[in-house]
Amino acid sequence: MACVNADGTITPTAKALLQSLESPLGPEAISAKIGAPLFRVRSSLRELQAAGFVAESEGLFRTTDAGRAKI
C-alpha cells in the first residue's frame, strides 16, 4: 500500500501515521496508537522515510519538517 501518491499527496493512513508522531515513537507504539497492523506501519515508515517525511534515530521515528508540511 503506497503512502505517497504520484502527485506528491499522502494517503489518509500516512497522514494518521505522521500525526501520531508528536513525540518520537517506535513502530509498535505507532501501530497501537493508530490501530494499523505492525507490518503496514513498518512498510509505511520505510516509504515515508525514503520520501523524507520521517526520520529515525535509535529505533524511534519522528516527523520531519517536510512531513509536517504534508499534514
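Thr11, at 12% relative accessibility, counts as buried, where buried means under 20% relative accessible area, exposed means over 50%, and partly exposed lies in between, with a 1.4 Å probe and protein chains only. The model is a predicted one, in which local features need pLDDT of at least 70 and side-chain atom pairs count only at pLDDT 80 or more, while totals for chains, interfaces and linings use all residues. Residues are numbered from 1 along each chain as its sequence is written, and side-chain values use heavy atoms, with hydrogens and water left out. Thr11 has its place in the segment before H1; helices (H or I, at least four residues) and strands (E, at least two) are DSSP runs numbered from the N terminus. Leaving aside neighbours within four places in sequence, Thr11 is in contact (heavy atoms within 4.5 Å) with Ala2, Cys3 and Asn5.

Helix H1, which spans 12–20, has Ala14, Leu17, Leu18 and Ser20 as its buried residues. These residues cover an arc of only 160° around the axis, the arc being that of the directions from the helix axis to the C-beta atoms, and this puts them on the same side of H1. The elements against which the buried residues of H1 pack are H2, H3, E1, E2 and helix H4 (65–70). Ala14, a member of helix H1, counts as buried at 0% relative accessibility. When neighbours within four places in sequence are set aside, Ala14 is in contact with Cys3 and Leu48, and its C-alpha atom is separated by 8.7 Å from that of Leu45, 31 residues apart along the chain.

Between H1 and H2 the chain runs through a loop that contains Leu25, a residue that is buried with a relative accessible area of 16%. The C-alpha atoms of Leu25 and Phe61 are 5.4 Å from one another, although the two residues are 36 residues apart along the chain. Apart from neighbours within four places in sequence, Leu25 is in contact with Ser20, Ile30, Lys33, Gly59, Leu60 and Phe61.

Helix H2, at 27–34, has Pro27, Ile30 and Ser31 as its buried residues. Seen down the axis of H2, these buried residues fall within an arc of 100°, so they line one face of the helix. What covers them includes H1, H3 and E2. After H2 comes Gly35, whose phi is positive, near 70°.

The next helix, H3 (38–50), has 13 residues and reaches 18 Å from its first C-alpha to its last, close to the 18 Å expected at 1.5 Å a residue, the expected span being 1.5 Å times one less than the number of residues. Its buried residues include Val41, Ser44, Leu45 and Leu48, and, seen down the axis of H3, its buried residues fall within an arc of 105°, so they line one face of the helix. An α-helix has 3.6 residues a turn, so residues three or four places apart point the same way. On the other side of H3, Phe39, Arg46 and Ala50 are exposed. The buried residues of H3 pack against H1, H2, strand E1 (54–57) and strand E2 (60–63). Within this helix, Ser44 is buried with a relative accessible area of 2%, and it touches Cys3 and Leu17 when residues up to four places away in sequence are not counted. The C-alpha atoms of Ser44 and Ala14, 30 residues apart along the chain, are separated by 7.0 Å. H3 is followed by Gly52, whose phi is positive, near 85°.

The axes of H2 and H3 come within 9 Å and cross at roughly 115°, with axes taken as lines fitted to C-alpha atoms, for helices over the stretch in contact, and angles running from 0 to 180 degrees between N-to-C directions. The contact is made by Pro27, Glu28, Ile30, Ser31 and Ile34 of H2 and by Leu38, Val41, Arg42 and Leu45 of H3.

These elements can also be followed through the largest nonpolar core, which has 15 residues; a nonpolar core is a set of buried Ala, Val, Leu, Ile, Met, Phe, Trp, Tyr and Cys residues joined through side-chain atoms within 4.5 Å. Leu17, Leu21, Ile30, Leu45, Leu48 and Val54 touch the most other members of this core, to which helices H1 and H3 each supply at least two residues. Leu21, leaving aside its neighbours within four places in sequence, is in contact with Ile30, Val54, Phe61, Arg62 and Thr63.
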